[in-house]
Structure formats: C-alpha cells, structure tokens
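Here is a short report for a reader meeting this structure for the first time. It starts with a single residue and then widens to the whole chain.

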Amino acid sequence: MLRLPCLLRGVSSPAASSLRRAFRSAASLEAILSHSHPSKASSEDQAGPAHLALYNYPTFAGAYSALAADLFHRRLGRRLLVLPFSSVEPFRAEDFKGAGFHSCYLLDFIGPRNFALELSGFIPSVVAFDHRQSTLARIPQMGRCPTNLDIRIDTAKSSARAVLDYFSNKLTSENPDSETCENLLGQEDEERVSNVVKYVEDADLRQWQLPDSRAFHTALRDERAKLNCVSNPHVFEQLMQLDVSDLLARGNSLAQNRLEAARKLIHNPFKIYLGQGLYGECLAIRADGDSKLSHEIGLELSKMSAGAGLRPIGAVVFMQRGLLKICLRTTDNSTNTAEVAKAYGGGGKASSSSFALRMDEFNAWIRENT
C-alpha cells in the first residue's frame, strides 16, 4: 500500500501544531505561505508551483475527494497543500492571496458567498465540485464566471465519485504516451475505495437503495472524527483501508444494540393529540437523558402506536435549551411526519422530523384519558 506522509509538507511543527487547534489561525496562515515557498530541504522530491486543495469538512465526500487529489499530485510529484474547510471557522479568499498557488480545488463545496469567484481573481485555475441542489441554485447569483473558474455540479453523482473520476482521467491525459496504464490506486485499494464511495453516494443523493445502507452509515459516522487531515495526517491511509463488509457488520451490530437499548427505555408511553388533534393521535414518551436514542425509540413507538389503533407515529420528547424538542418517527411509508413538524416551525422528511414547543404548548396536546 502507498505510504502517505504528512499532508502539510514544508510546514514547521509549531505551525502544524497550532493549526490542529483552529481551522483558521495565525499559524494556519503562516503554514499556507510556508508551503507555497518551501525550504530547499522540504522540496527535494517535489518541485514546481504549489497547488491547493480545500475539502468540505467533515463530509466523507469531501475527504474521499481530497484523497483523490492527493494521490494524483503524488503520482506526478507535484506539491499540494490539503486543508479541511469548515463552515464553523472558514478560511477567507484573501488568506491565499500572495501564496502563489498555481491551482485550487474546492472539493464537495464552492464556499460561502463569492469565495470561489474571489479565489479565481488571483489563482490561475480554480475547479470546484459539488452535488447539492442548493449549490446549483446559487450559481445564477454568481453572474458570469471567468474562464479560469470551472464549477462542476452534478446532482446525479456524489462529489466523491466526480472527483475520483476527474483525477483518474486527468492522470491518464497527463501521460498519453505511457506504455503502462496509470491509476490513482492499486487494484485492491481501488475496489475497496470504490465500494465505500458507492455507499457514500447512496446517502449523499438521498437514495438509500444499497443493502443495509443505513447500518453502513451508522458505522461510518464513528470514522468522522478522523477526517481532519491536519490533526490526523494518516487519514488517507485510513480511508483506503475502510471496507464495506466490515462497516456493514459493525453497523448492523450497533443498530441492534441501540434498538435493544431503546426497547428497554420505553416505559408507560402516553397518548398525545398532534396539533391538539388536528393531525391525529399517537404514542409519546419523555426521553430526558436518553435523547441519543430518540430515533430508535421513535421507531419502536411508531409500531406500538399503530398496534394501539393510533397513527403509526412515535413522538420522543425531551428538554433542549429551555424548550421541549419533539422528534417524530414512523415506520409507515404512507405517513408524513414532516407535515406536523413544519406546521410548528420544524422540519425533516416524511419518516423523520422534529420541532420544538414550549411546555404549555405541549401540555395542550395531552388530554386526560378517561
């Protein structure tokens, strides 16, 4: 397997250490400049202009896209700085001005406001990838894009798949006369990564069509804390080692454990009148202290509610920031819980939604059973 050394090549240890503590800091800005103007010792193996890849953190589409970018540049011996981009503490376009980057890749996002447009003002080539309908809707607001800004939005393909395809094709085009076929990954790694990306895409496109897709993502969520390539310089090695079969086994085991735990917590469910009866009746339970299992509890309540002749909805109620949060779940494909949630300022999808009420508002949904 290809060994991947530290992603911040040419960055001093103090800067890298501080960058672990904050996505955007004085140390991170220093790291950007030091990477674009590396010392002689740090650039012996990689010469030429520096390239930049910013990936959406903490999404798996972003992380696997960054893996593809890193593999491509390593194959060709080109210098690349890979950084996670977080909306919590985002970089600004001017942070990269004067750093001399030859190209920039925005992976699984296009950035806030005119971020991509501003980058194209001083970076010769900016290529952005995304798959979200919400991003597509923003494009007309950007006006006419300059020729050096290439925004690639494919709502039928996850960013991870799009970026892997992009760099695979780009690697082939960079070596048209090569007698041997150039690939980003070896055969075993390629098969393993491709299988994981299929599941990532299944969730990104909200299809949920692959076998045990939800169980897979239950296990995959445990890997999310590892996706910061600065605090975890071995992230790409770890991504290449993730295996669908292992994740499915872990996910199914976790799901079963959570379901059993949820069943033990369901004591004395009570009937509530959704919207004071406007949306029918269902079973509910208070889950203060057990909100992490609200999804599983709600699904079990949904079945119990249907068995009791009520709407097949389970309502899990717990206190959150001074209000009662109500999580609605259903196992019935013809039931839409979101219509209730949206009527009270919340949201979600048909099978899973939530909203918040004051205590007095919720009390009006409870009537003494006679």
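Trp208 is partly exposed, because its relative accessible area is 29%. Here buried means under 20% relative accessible area, exposed means over 50%, and partly exposed lies in between (1.4 Å probe, protein chains only). The model is predicted: local features need pLDDT of at least 70, side-chain atom pairs count only at pLDDT 80 or more, and totals for chains, interfaces and linings use all residues. Residues are numbered from 1 along each chain as its sequence is written, and side-chain values use heavy atoms, with hydrogens and water left out.

Trp208 sits in the loop between helix H7 (187-204) and helix H8 (213-220). Helices (H or I, at least four residues) and strands (E, at least two) are DSSP runs, numbered from the N terminus. Trp208 is not a glycine, yet its phi is positive, about 50°. Asn268 also has a positive phi, near 50°, and is a residue other than glycine. It lies in the loop between helix H10 (244-265) and strand E6 (270-273). Asn268 counts as exposed because its relative accessibility is 70%.

## The chain as a whole

The chain has 13 helices and eleven strands. Of its 370 residues, 47% are buried. The chain exposes about 18,000 Å², and carbon and sulfur atoms supply 47% of that area. Accessible areas come from the Shrake-Rupley method with a 1.4 Å probe; for residues, only the protein chains shown count as cover.

Contact means heavy atoms within 4.5 Å. Among contacts between residues at least 6 apart in sequence, 65% join residues at least 24 apart.

## An open sheet

Six strands form an open sheet with mixed pairing, in the order E6-E7-E8-E9-E11-E10. E6 and strand E10 (347-349) stand at the edges with a single partner strand each, so one side of each has no neighbour in the sheet. Neighbouring strands are turned by 30° against each other on average, direction ignored. Two strands pair if DSSP finds at least two bridges between them. Strands of a sheet pair through backbone hydrogen bonds, either parallel or antiparallel.

Strand E8 (residues 314-320) pairs with E9 in the antiparallel sense over seven bridges. Phe318 has Lys325 in E9 as its bridge partner. Helix H11 (residues 294-307) packs on the sheet and touches strand E7 (281-286), E8 and E9. The direction of H11 makes about 145° with that of E8. Axes are lines fitted to C-alpha atoms, for helices over the stretch in contact, and angles run from 0 to 180 degrees between N-to-C directions.

## Thr330

Thr330 is found in the loop between strand E9 (323-329) and helix H12 (338-343). Thr330 counts as buried because its relative accessibility is 4%. Leaving aside neighbours within four places in sequence, its contacts include Leu299, Ser302, Pro312 and Ile313. A polar atom of the Thr330 side chain lies 2.5 Å from the backbone oxygen of Pro312.

## A cis bond and the cysteines

Tyr57 and Pro58 are joined by a cis peptide bond, with omega about 10°. Pro58 is found in the loop between strand E1 (47-56) and helix H3 (60-75).

How many disulfides does the count give? The count is zero, taking a disulfide as a pair of cysteine sulfur atoms within 2.5 Å. Cys104 counts as buried because its relative accessibility is 0%. Cys282 counts as buried at 0% relative accessibility.

Conventions. A polar contact is a pair of N or O atoms within 3.5 Å; within protein, one must be able to donate a hydrogen and the other to accept it, and residues adjacent in sequence count only if both atoms are side-chain atoms.
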